[in-house]
Amino acid sequence: EGTVGFGVDVLAMAGFNLLGSRADDYARSGLLPVNTDNSRDDYYGKIGITGKAKFRKNELFVGDLVPQLPTIFSSPARLFPQTYRGIR
């Protein structure tokens, strides 16, 4: 409440291989990233931080954004939602 406000959003995500050691017997899903030696880890994660500021009715967002606009939106069709880095 008030004319000036500050905040931080933290988005933490983790992806895991649920097949365990038998994963080489099955076709991989392609969702986990490939290392430089063409191997895949069994897990990986991602952290996104967004700083927010508000002055009266104006808002400023800086950092990792997950927009849901008609012209650009974050697709939920991947293992992690698609994020954009920038200022809004």
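By class, the lining of the second largest pocket holds six nonpolar, two polar and three charged residues. Here Ala, Val, Leu, Ile, Met, Phe, Trp, Tyr, Cys and Pro count as nonpolar, Asp, Glu, Lys and Arg as charged, and the others, Gly among them, as polar. Among the lining residues are Asp 9, Asp 64 and Arg 88, together with Phe 61 and Pro 67. The model is predicted: local features need pLDDT of at least 70, side-chain atom pairs count only at pLDDT 80 or more, and totals for chains, interfaces and linings use all residues. Residues are numbered from 1 along each chain as its sequence is written, and side-chain values use heavy atoms, without hydrogens and water.

A pocket is an open set of points on a 1 Å grid over the protein atoms alone, where a 1.4 Å probe fits, with protein on both sides within 12 Å along at least five of seven lines; lining residues have an atom within 4 Å of a point.

An open sheet of four strands runs in the order β1-β2-β3-β4 with antiparallel pairing, where pairing takes at least two DSSP bridges. β1 and β4 (84-87) are its edge strands, each pairing on one side only. Four bridges join β3 and β4, and Gly 63 stands opposite Gly 86 in β4.

The protein chain averages a pLDDT (the predictor's confidence in each residue, from 0 to 100) of 82, and 85% of the residues score at least 70.

How values were computed: Helix = DSSP H or I, 4+ residues; strand = E, 2+ residues; numbered from the N terminus.
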